[in-house]
Amino acid sequence: MIYIGLPQWSHPKWVRLGITSLEEYARHFNCVEGNTTLYALPKAEIVQRWREQTTDDFRFCFKFPATISHQAALRHCEELTAEFFHRLSPLENRLGQYWLQLPAAFSPADLPALWHFLDSLPKAFTYGVEVRHPLFFMKGEEEQQLNRGLHQRGVNRVILDSRPVHSAKPHNEAIIDAQRKKPKVPVHAVVTANNPMVRFIGSDDMAQNQALFAVWLKALPKWTQTTTPYLFLHTPDIAQAPELVDTLWKSLQDVLPQVGSAPAIPKQTSLF
């Protein structure tokens, strides 16, 4: 089993491809990143609507709010955390993993706060942690401490692969903006729990994307033998994400036949 999706379920240009809602998106993909919760909690009626538009086979991967991960730095945030879980409770059986995206300022010195926070979370759910501090990528004691602690707790280390976007020529505003915002960190394909998450940040050069995706065509089939991975496909201009899916799907299907046929999205080359 593998879950494959995009960083969001709607975009104005996708309307012309027939993707007009979460319900329509869920006909093509079996999971989605929940980035919006980083910035604000959705209203209760919106969460209920998300439930109505998906089935029990679909998985959401929601980010913890920035009020918890960034402003509070995981400290003294019990009420915020309880409110987060309560608001998303109608989707409990459709949660792939709750995902903690930590800022670059969150250093090895803050690991005790991370362990305390993770140990306080409900055991019923799956969790992922994405780090950005340079010391967590240097293969030294600090990174070993991180990986050990995550493994001991059954928490996934979220893997960011931003090589494509940072290898692209900065020839338009979308690329320039993505290169400014997306962390440029080494790719450490470390599996610390049962649901490794890969975030592949592509460019607008589909041939380059295909070449740099080759490493995942080797890793993902191995991982599916013992785990259930999540793969999220990004592009600098998210309108192009279906084109990236179209570019990579045949190669994915060759090594992972269980992914089935490519999403039946109309060809979109004329839109971009």
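Trainee: What volume does the largest cavity have?

Mentor: A cavity is a set of points on a 1 Å grid over the protein atoms alone where a 1.4 Å probe fits but cannot get out. Searching the whole structure gives 1 cavity of 30 Å³ or more. With volume taken as the space filled by probe spheres set on the points, joined across faces, edges and corners, the largest cavity comes to about 70 Å³.

Trainee: Which pLDDT do local features need here?

Mentor: Residues are numbered from 1 along each chain as its sequence is written, and side-chain values use heavy atoms, with hydrogens and water left out. This is a predicted model, in which side-chain atom pairs count only at pLDDT 80 or more and totals for chains, interfaces and linings use all residues, whereas local features need pLDDT of at least 70.

Trainee: How many residues of the largest cavity's lining are nonpolar?

Mentor: Lining residues have an atom within 4 Å of a point; among them here are Phe-137, Arg-157, Leu-160 and His-188. Ala, Val, Leu, Ile, Met, Phe, Trp, Tyr, Cys and Pro count as nonpolar, Asp, Glu, Lys and Arg as charged, and the others, Gly among them, as polar. The lining then holds 1 polar and 2 charged residues, and its nonpolar residues number 8.

Trainee: Which element gives the most to the lining of the largest pocket?

Mentor: A pocket is an open set of points with protein on both sides within 12 Å along at least five of seven lines, and the largest has a volume of about 510 Å³. Of its 23 lining residues, the closest to the centre are Asn-35, Tyr-39, Lys-182, Arg-199 and His-234. Helices (H or I, at least four residues) and strands (E, at least two) are DSSP runs numbered from the N terminus; those giving two or more residues are α8 (173-181) and β8 (197-201). With 4 residues, the one giving the most is α8.

Trainee: How are α5 and α6 oriented to each other?

Mentor: Contact means heavy atoms within 4.5 Å, and Trp-115 is one of the α5 residues that meet α6. Axes are lines fitted to C-alpha atoms over the stretch in contact, with angles from 0 to 180 degrees between N-to-C directions; those of α5 (residues 111-119) and α6 (residues 141-153) come within 11 Å and cross at roughly 10°. Angles under 35 degrees count as roughly parallel. The two helices are therefore roughly parallel to each other.

Trainee: Which residue in β5 is the bridge partner of Gln-101?

Mentor: An open sheet of 3 strands runs in the order β4-β5-β6, with parallel pairing. Strand β4 is joined to β5 (residues 127-130) by 4 bridges. For Gln-101, the partner in β5 is Glu-130.

Terms used
Angles under 35 degrees count as roughly parallel, over 145 as roughly antiparallel, 65 to 115 as roughly perpendicular and the rest as oblique. Two strands pair if DSSP finds at least two bridges between them.
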